[in-house]
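Below is a briefing on one protein chain. Please look over the sequence and the structure before reading on.

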Amino acid sequence: MLPGKTETTGAFPITGGVPNDLTLEDADWIRRRVPEVRRLAPIALATATARAGDRSREITVIGTTAEMREIRGIRVRAGRFLPGGDAESGQRVCVIGSKVQEELFPGTNPLGTILRIGDYRYRVIGAVAPRGVTVGLDLDQFVYVPVSQGLKMVNRRGLFRIFVEVSSHEAIEGTRTAILALLRERHDETEDVTILTQDSVISTFGRILSILTAALAGIAAVSLSVAGIGIMNVMLVSVAERTSEIGLLKAIGVTPRQVLAAFLLEAAILSTSGGLLGLAAGLGGARAVVALYPRFPATPPDWAVAGAVALSVVVGLVFGALPARRAARLDPVAALARR
(Lines give C-alpha, C1' and ligand atoms only; values in the text may rest on other atoms or scores of the structure.)
Protein backbone atom coordinates (compact mmCIF):
# COMPACT_ATOMS: atom_id res chain seq x y z
CA MET A 1 0.00 0.00 0.00
CA LEU A 2 1.40 3.42 -0.97
CA PRO A 3 0.19 7.01 -0.82
CA GLY A 4 -1.17 8.62 -3.98
CA LYS A 5 -3.42 7.31 -6.73
CA THR A 6 -1.57 5.55 -9.51
CA GLU A 7 -2.02 6.50 -13.14
CA THR A 8 -0.87 3.06 -14.29
CA THR A 9 -0.90 -0.38 -12.75
CA GLY A 10 2.19 -2.39 -12.10
CA ALA A 11 5.05 -3.06 -9.73
CA PHE A 12 6.44 0.47 -10.01
CA PRO A 13 3.44 2.77 -10.22
CA ILE A 14 3.51 6.41 -11.20
CA THR A 15 1.74 8.30 -8.43
CA GLY A 16 -0.23 11.43 -8.80
CA GLY A 17 -0.78 14.05 -6.13
CA VAL A 18 -0.87 13.01 -2.47
CA PRO A 19 -3.50 15.07 -0.64
CA ASN A 20 -3.14 12.94 2.49
CA ASP A 21 -0.12 11.06 3.77
CA LEU A 22 -0.25 7.51 5.03
CA THR A 23 0.49 7.79 8.72
CA LEU A 24 1.12 5.57 11.71
CA GLU A 25 -2.44 6.38 12.80
CA ASP A 26 -3.73 4.98 9.51
CA ALA A 27 -1.69 1.84 10.06
CA ASP A 28 -3.07 1.46 13.59
CA TRP A 29 -6.66 1.88 12.35
CA ILE A 30 -6.14 -0.77 9.68
CA ARG A 31 -4.68 -3.15 12.25
CA ARG A 32 -7.63 -2.68 14.62
CA ARG A 33 -10.53 -2.36 12.17
CA VAL A 34 -9.74 -4.93 9.46
CA PRO A 35 -9.83 -8.41 11.03
CA GLU A 36 -8.41 -10.20 7.96
CA VAL A 37 -5.05 -8.44 8.47
CA ARG A 38 -2.64 -10.93 10.03
CA ARG A 39 0.45 -8.73 10.12
CA LEU A 40 1.13 -5.11 9.24
CA ALA A 41 4.43 -3.24 8.89
CA PRO A 42 4.63 0.52 8.25
CA ILE A 43 7.68 1.61 6.24
CA ALA A 44 9.67 4.83 6.40
CA LEU A 45 12.51 5.14 3.88
CA ALA A 46 15.65 7.26 4.15
CA THR A 47 19.23 7.34 2.93
CA ALA A 48 22.07 8.34 5.18
CA THR A 49 25.75 7.89 5.95
CA ALA A 50 26.52 5.25 8.56
CA ARG A 51 29.73 5.48 10.60
CA ALA A 52 31.41 3.02 12.91
CA GLY A 53 34.79 4.12 14.19
CA ASP A 54 36.79 5.46 11.25
CA ARG A 55 34.72 3.58 8.67
CA SER A 56 31.68 4.94 6.84
CA ARG A 57 29.39 4.13 3.92
CA GLU A 58 26.08 5.20 2.38
CA ILE A 59 23.14 3.04 3.45
CA THR A 60 19.41 2.74 2.96
CA VAL A 61 17.52 3.09 6.22
CA ILE A 62 14.25 1.18 6.60
CA GLY A 63 12.11 2.40 9.46
CA THR A 64 9.66 -0.38 10.36
CA THR A 65 8.37 -2.67 13.10
CA ALA A 66 9.06 -6.20 14.33
CA GLU A 67 6.38 -7.66 12.02
CA MET A 68 8.48 -6.77 8.97
CA ARG A 69 10.60 -9.82 9.71
CA GLU A 70 7.74 -12.27 9.23
CA ILE A 71 6.12 -10.43 6.34
CA ARG A 72 9.31 -10.30 4.25
CA GLY A 73 10.90 -13.53 5.50
CA ILE A 74 13.99 -11.81 6.90
CA ARG A 75 16.45 -14.23 8.50
CA VAL A 76 18.55 -12.88 11.36
CA ARG A 77 21.93 -14.62 11.66
CA ALA A 78 23.10 -12.86 14.83
CA GLY A 79 21.26 -11.15 17.65
CA ARG A 80 17.58 -10.32 17.13
CA PHE A 81 15.32 -8.19 14.97
CA LEU A 82 13.61 -4.98 16.03
CA PRO A 83 11.71 -5.21 19.32
CA GLY A 84 7.93 -5.51 19.27
CA GLY A 85 5.50 -3.16 20.94
CA ASP A 86 4.29 0.35 20.24
CA ALA A 87 5.51 1.73 16.92
CA GLU A 88 5.81 5.17 18.53
CA SER A 89 8.25 4.00 21.23
CA GLY A 90 11.27 4.79 19.05
CA GLN A 91 14.12 2.97 20.77
CA ARG A 92 17.56 3.87 19.40
CA VAL A 93 18.40 0.37 18.15
CA CYS A 94 19.14 -0.98 14.67
CA VAL A 95 19.57 -4.22 12.72
CA ILE A 96 22.21 -4.17 9.98
CA GLY A 97 22.48 -5.93 6.60
CA SER A 98 25.32 -8.31 5.77
CA LYS A 99 27.25 -5.83 3.57
CA VAL A 100 27.01 -3.15 6.22
CA GLN A 101 28.42 -5.60 8.74
CA GLU A 102 31.26 -6.64 6.41
CA GLU A 103 32.30 -3.06 5.61
CA LEU A 104 31.78 -1.32 8.95
CA PHE A 105 32.54 -4.20 11.33
CA PRO A 106 35.03 -6.43 9.47
CA GLY A 107 36.07 -9.45 11.52
CA THR A 108 34.31 -8.24 14.67
CA ASN A 109 31.03 -8.90 16.43
CA PRO A 110 28.82 -5.83 15.87
CA LEU A 111 26.25 -6.70 18.54
CA GLY A 112 26.10 -4.08 21.26
CA THR A 113 28.29 -1.59 19.41
CA ILE A 114 27.26 1.93 18.45
CA LEU A 115 26.45 2.80 14.82
CA ARG A 116 26.09 6.46 13.97
CA ILE A 117 23.47 7.07 11.26
CA GLY A 118 23.32 10.67 10.16
CA ASP A 119 23.04 12.73 13.34
CA TYR A 120 21.82 9.89 15.53
CA ARG A 121 23.48 7.08 17.48
CA TYR A 122 22.02 3.56 17.45
CA ARG A 123 22.93 0.39 19.28
CA VAL A 124 23.28 -2.64 17.00
CA ILE A 125 21.07 -5.47 18.25
CA GLY A 126 21.09 -7.78 15.22
CA ALA A 127 22.58 -8.67 11.84
CA VAL A 128 20.57 -9.98 8.88
CA ALA A 129 21.68 -12.96 6.77
CA PRO A 130 22.62 -12.19 3.13
CA ARG A 131 19.53 -11.55 0.99
CA GLY A 132 20.96 -10.49 -2.40
CA VAL A 133 19.57 -8.05 -4.94
CA THR A 134 15.86 -7.71 -5.73
CA VAL A 135 14.59 -5.54 -8.62
CA GLY A 136 17.76 -3.48 -8.50
CA LEU A 137 17.79 -3.00 -4.71
CA ASP A 138 20.71 -4.41 -2.72
CA LEU A 139 18.92 -5.74 0.36
CA ASP A 140 22.24 -6.40 2.12
CA GLN A 141 22.97 -2.70 2.55
CA PHE A 142 19.74 -1.99 4.44
CA VAL A 143 19.74 -0.92 8.06
CA TYR A 144 16.48 -1.42 9.94
CA VAL A 145 15.44 1.01 12.69
CA PRO A 146 12.12 1.55 14.54
CA VAL A 147 9.64 3.31 12.27
CA SER A 148 9.37 6.43 14.46
CA GLN A 149 13.15 6.87 14.16
CA GLY A 150 12.93 6.47 10.39
CA LEU A 151 10.29 9.20 10.20
CA LYS A 152 12.45 11.43 12.37
CA MET A 153 15.36 11.04 9.92
CA VAL A 154 13.29 12.36 7.01
CA ASN A 155 11.54 14.92 9.25
CA ARG A 156 8.02 14.01 8.21
CA ARG A 157 5.00 12.05 9.42
CA GLY A 158 4.03 10.40 6.14
CA LEU A 159 4.98 6.77 5.57
CA PHE A 160 6.64 5.48 2.40
CA ARG A 161 4.62 2.24 2.33
CA ILE A 162 2.50 -0.02 4.51
CA PHE A 163 3.00 -3.76 4.07
CA VAL A 164 -0.01 -5.91 4.93
CA GLU A 165 -0.21 -9.69 5.21
CA VAL A 166 -3.69 -11.23 5.13
CA SER A 167 -4.93 -14.45 6.67
CA SER A 168 -5.46 -16.26 3.34
CA HIS A 169 -5.23 -15.78 -0.41
CA GLU A 170 -9.02 -15.78 -0.68
CA ALA A 171 -9.21 -12.79 1.70
CA ILE A 172 -7.00 -10.52 -0.44
CA GLU A 173 -9.74 -8.80 -2.43
CA GLY A 174 -12.06 -8.37 0.55
CA THR A 175 -9.23 -6.96 2.65
CA ARG A 176 -8.27 -4.57 -0.14
CA THR A 177 -11.85 -3.28 -0.36
CA ALA A 178 -12.13 -2.91 3.42
CA ILE A 179 -8.83 -0.99 3.68
CA LEU A 180 -9.79 1.37 0.85
CA ALA A 181 -13.17 2.05 2.48
CA LEU A 182 -11.53 2.71 5.84
CA LEU A 183 -8.96 5.10 4.40
CA ARG A 184 -11.61 6.94 2.37
CA GLU A 185 -13.46 7.51 5.63
CA ARG A 186 -10.32 8.84 7.32
CA HIS A 187 -9.15 10.92 4.33
CA ASP A 188 -12.33 12.97 3.77
CA GLU A 189 -13.92 10.57 1.30
CA THR A 190 -10.89 10.84 -1.00
CA GLU A 191 -9.39 7.67 -2.45
CA ASP A 192 -5.77 8.78 -2.38
CA VAL A 193 -3.94 5.52 -1.80
CA THR A 194 -2.98 2.63 -4.06
CA ILE A 195 -2.99 -1.00 -2.95
CA LEU A 196 -0.77 -3.37 -4.88
CA THR A 197 -1.34 -7.07 -4.26
CA GLN A 198 1.17 -9.81 -4.97
CA ASP A 199 -1.14 -11.12 -7.71
CA SER A 200 -1.06 -7.78 -9.54
CA VAL A 201 2.71 -7.52 -9.23
CA ILE A 202 3.20 -11.09 -10.48
CA SER A 203 0.77 -10.41 -13.34
CA THR A 204 2.71 -7.29 -14.33
CA PHE A 205 6.03 -9.13 -14.31
CA GLY A 206 4.38 -11.92 -16.30
CA ARG A 207 3.31 -9.46 -18.98
CA ILE A 208 6.77 -7.93 -19.09
CA LEU A 209 8.39 -11.36 -19.44
CA SER A 210 5.90 -12.31 -22.17
CA ILE A 211 6.81 -9.19 -24.15
CA LEU A 212 10.53 -9.87 -23.71
CA THR A 213 10.03 -13.50 -24.74
CA ALA A 214 8.14 -12.46 -27.87
CA ALA A 215 10.85 -9.92 -28.75
CA LEU A 216 13.61 -12.49 -28.27
CA ALA A 217 11.64 -15.01 -30.33
CA GLY A 218 11.36 -12.46 -33.15
CA ILE A 219 15.09 -11.75 -33.05
CA ALA A 220 15.82 -15.50 -33.04
CA ALA A 221 13.48 -16.05 -36.00
CA VAL A 222 15.24 -13.34 -38.03
CA SER A 223 18.64 -14.79 -37.11
CA LEU A 224 17.56 -18.30 -38.12
CA SER A 225 16.16 -17.00 -41.42
CA VAL A 226 19.42 -15.21 -42.23
CA ALA A 227 21.42 -18.32 -41.32
CA GLY A 228 19.10 -20.53 -43.37
CA ILE A 229 19.41 -18.29 -46.43
CA GLY A 230 23.17 -18.44 -46.01
CA ILE A 231 23.04 -22.26 -45.96
CA MET A 232 20.81 -22.24 -49.04
CA ASN A 233 23.24 -20.02 -50.96
CA VAL A 234 26.19 -22.25 -50.01
CA MET A 235 24.31 -25.35 -51.15
CA LEU A 236 23.23 -23.71 -54.44
CA VAL A 237 26.86 -22.86 -55.16
CA SER A 238 27.81 -26.42 -54.26
CA VAL A 239 25.23 -27.84 -56.69
CA ALA A 240 26.40 -25.50 -59.47
CA GLU A 241 30.06 -26.46 -58.95
CA ARG A 242 29.29 -30.18 -58.86
CA THR A 243 26.85 -30.36 -61.76
CA SER A 244 29.04 -32.64 -63.84
CA GLU A 245 29.67 -34.87 -60.81
CA ILE A 246 25.92 -35.18 -60.26
CA GLY A 247 25.43 -36.04 -63.95
CA LEU A 248 28.09 -38.75 -63.71
CA LEU A 249 26.48 -40.24 -60.61
CA LYS A 250 23.10 -40.35 -62.32
CA ALA A 251 24.64 -41.86 -65.46
CA ILE A 252 26.01 -44.82 -63.45
CA GLY A 253 22.65 -45.49 -61.79
CA VAL A 254 22.35 -43.24 -58.73
CA THR A 255 18.66 -42.39 -58.25
CA PRO A 256 17.28 -38.84 -57.79
CA ARG A 257 16.16 -39.84 -54.28
CA GLN A 258 19.74 -40.74 -53.35
CA VAL A 259 21.05 -37.44 -54.75
CA LEU A 260 18.36 -35.58 -52.78
CA ALA A 261 19.29 -37.42 -49.57
CA ALA A 262 23.01 -36.74 -50.07
CA PHE A 263 22.55 -32.98 -50.42
CA LEU A 264 20.05 -32.81 -47.56
CA LEU A 265 22.57 -34.64 -45.38
CA GLU A 266 25.26 -32.18 -46.38
CA ALA A 267 23.01 -29.22 -45.53
CA ALA A 268 22.08 -30.78 -42.18
CA ILE A 269 25.75 -31.39 -41.32
CA LEU A 270 26.59 -27.79 -42.24
CA SER A 271 23.82 -26.30 -40.09
CA THR A 272 24.42 -28.68 -37.19
CA SER A 273 28.12 -27.83 -37.13
CA GLY A 274 27.24 -24.14 -36.85
CA GLY A 275 24.64 -24.93 -34.18
CA LEU A 276 27.15 -26.90 -32.11
CA LEU A 277 29.68 -24.08 -32.32
CA GLY A 278 27.03 -21.59 -31.21
CA LEU A 279 25.94 -23.91 -28.42
CA ALA A 280 29.53 -24.28 -27.20
CA ALA A 281 29.91 -20.49 -27.18
CA GLY A 282 26.63 -20.10 -25.29
CA LEU A 283 27.51 -22.73 -22.68
CA GLY A 284 30.92 -21.13 -22.23
CA GLY A 285 29.30 -17.73 -21.70
CA ALA A 286 26.82 -19.21 -19.21
CA ARG A 287 29.65 -20.81 -17.21
CA ALA A 288 31.50 -17.50 -17.16
CA VAL A 289 28.37 -15.75 -15.82
CA VAL A 290 27.91 -18.42 -13.14
CA ALA A 291 31.57 -18.11 -12.17
CA LEU A 292 31.18 -14.34 -11.74
CA TYR A 293 27.70 -14.47 -10.17
CA PRO A 294 27.21 -17.88 -8.48
CA ARG A 295 23.63 -17.08 -7.44
CA PHE A 296 22.52 -16.28 -10.98
CA PRO A 297 20.75 -19.31 -12.55
CA ALA A 298 22.43 -19.09 -15.97
CA THR A 299 22.76 -22.83 -16.65
CA PRO A 300 20.41 -23.90 -19.49
CA PRO A 301 18.17 -26.95 -18.95
CA ASP A 302 18.88 -30.16 -20.87
CA TRP A 303 15.73 -29.82 -22.98
CA ALA A 304 16.91 -26.41 -24.22
CA VAL A 305 20.28 -27.82 -25.28
CA ALA A 306 18.63 -30.73 -27.10
CA GLY A 307 16.11 -28.35 -28.68
CA ALA A 308 18.88 -26.07 -29.97
CA VAL A 309 20.64 -28.97 -31.67
CA ALA A 310 17.38 -30.30 -33.14
CA LEU A 311 16.44 -26.82 -34.42
CA SER A 312 19.79 -26.44 -36.19
CA VAL A 313 19.19 -29.79 -37.96
CA VAL A 314 15.68 -28.71 -39.00
CA VAL A 315 16.96 -25.37 -40.34
CA GLY A 316 19.52 -27.21 -42.48
CA LEU A 317 16.92 -29.60 -43.85
CA VAL A 318 14.36 -26.87 -44.61
CA PHE A 319 16.72 -24.43 -46.31
CA GLY A 320 18.70 -27.20 -48.00
CA ALA A 321 15.59 -28.68 -49.61
CA LEU A 322 15.58 -26.33 -52.64
CA PRO A 323 19.24 -26.92 -53.64
CA ALA A 324 18.83 -30.67 -53.01
CA ARG A 325 15.72 -30.85 -55.24
CA ARG A 326 17.53 -28.89 -57.93
CA ALA A 327 20.39 -31.39 -57.82
CA ALA A 328 17.99 -34.36 -57.90
CA ARG A 329 16.17 -33.04 -60.99
CA LEU A 330 19.27 -32.46 -63.10
CA ASP A 331 19.26 -34.31 -66.40
CA PRO A 332 22.39 -36.51 -66.52
CA VAL A 333 23.11 -35.80 -70.20
CA ALA A 334 22.74 -32.04 -69.78
CA ALA A 335 24.80 -32.15 -66.57
CA LEU A 336 27.65 -34.05 -68.26
CA ALA A 337 27.52 -31.64 -71.21
CA ARG A 338 28.46 -28.76 -68.87
CA ARG A 339 31.71 -30.48 -68.03
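Is Leu-212 buried, partly exposed or exposed? Leu-212 counts as partly exposed because its relative accessibility is 48%; buried means under 20% relative accessible area, exposed means over 50%, and partly exposed lies in between, with a 1.4 Å probe and protein chains only. This is a predicted model, in which local features need pLDDT of at least 70 and side-chain atom pairs count only at pLDDT 80 or more, while totals for chains, interfaces and linings use all residues. Residues are numbered from 1 along each chain as its sequence is written, and side-chain values use heavy atoms, with hydrogens and water left out.

**Surface patch**

- Leu-212 is placed in helix H6, residues 198-241. Helices (H or I, at least four residues) and strands (E, at least two) are DSSP runs numbered from the N terminus.
- Together, Phe-205, Ile-208, Leu-209 and Leu-212 make a nonpolar surface patch of about 350 Å².
- Patches are made of residues with over 30% relative accessible area and no salt bridge; like charges are joined within 9 Å, and nonpolar side chains (Val, Leu, Ile, Met, Phe, Trp, Tyr) within 5 Å.
- Accessible areas come from the Shrake-Rupley method with a 1.4 Å probe, and for residues only the protein chains shown count as cover.

**Helix packing**

- Two packed helices are described by the angle between their axes and the distance between the axes.
- Helix H8 (residues 256-292) packs with helix H9 (residues 302-319) at an angle of about 145°, and their axes are 7 Å apart.
- Axes are lines fitted to C-alpha atoms, for helices over the stretch in contact, and angles run from 0 to 180 degrees between N-to-C directions.
- The crossing of H8 past H9 is right-handed. A crossing is left-handed if the near helix is turned anticlockwise from the far one by less than a right angle, and right-handed if clockwise.
- On the H8 side, the residues that meet H9 include Leu-264, Ala-267, Ala-268 and Ser-271. On the H9 side, they include Val-305, Ala-308, Val-309 and Ser-312. Contact means heavy atoms within 4.5 Å.

**Salt bridges**

- Side chains of opposite charge can pair when their charged atoms come close.
- The count comes to 12 salt bridges, a salt bridge being a side-chain nitrogen of Lys or Arg within 4 Å of a carboxyl oxygen of Asp or Glu.
- Asp-28 and Arg-32 form a salt bridge, with their closest N and O atoms 3.0 Å apart. Because they are 4 residues apart in helix H1 (residues 24-33), about one helical turn separates them. Asp-28 is partly exposed, with a relative accessible area of 34%, whereas Arg-32 is exposed at 53%.
- Arg-39 forms a salt bridge with Glu-165, the closest N and O atoms being 2.6 Å apart. This pair links distant parts of the chain, with Arg-39 in strand S2 (residues 37-52) and Glu-165 in strand S11 (residues 161-166), 126 residues apart. Arg-39 is partly exposed at 24% relative accessible area, while Glu-165 counts as buried at 17%.
- Arg-57 and Glu-103 meet through their side chains in a salt bridge of 2.8 Å, N to O. Arg-57 lies in strand S3 (residues 55-64) and Glu-103 in helix H3 (residues 98-104), so the pair ties together parts that are 46 residues apart in sequence. Arg-57 counts as buried at 13% relative accessibility, and Glu-103 is partly exposed at 39%.
- Salt bridges that share partners join Arg-38, Arg-39 and Glu-165 into one network.

- Asp-26 lies in helix H1 and counts as buried because its relative accessibility is 1%.
- Leaving aside neighbours within four places in sequence, Asp-26 is in contact with Asp-21, Leu-183, Arg-186 and His-187.
- Asp-26 and Leu-182 are 156 residues apart in sequence, and their C-alpha atoms are 8.9 Å apart in space.

**A positive phi**

- Most residues other than glycine have a negative phi.
- Asn-155, a residue other than glycine, has a positive phi near 55°.
- Asn-155 lies in the loop between helix H4 (147-154) and S11, and counts as exposed at 71% relative accessibility.

**Distances along the chain and in space**

- Thr-177 is placed in helix H5 (residues 172-186). The C-alpha atoms of Thr-177 and Ala-240 are separated by 74 Å, and the two residues are 63 residues apart along the chain.
- Arg-329 is placed in the loop between helix H10 (321-328) and helix H11 (332-337). Arg-329 and Glu-245 are 84 residues apart along the chain, and their C-alpha atoms are separated by 14 Å.
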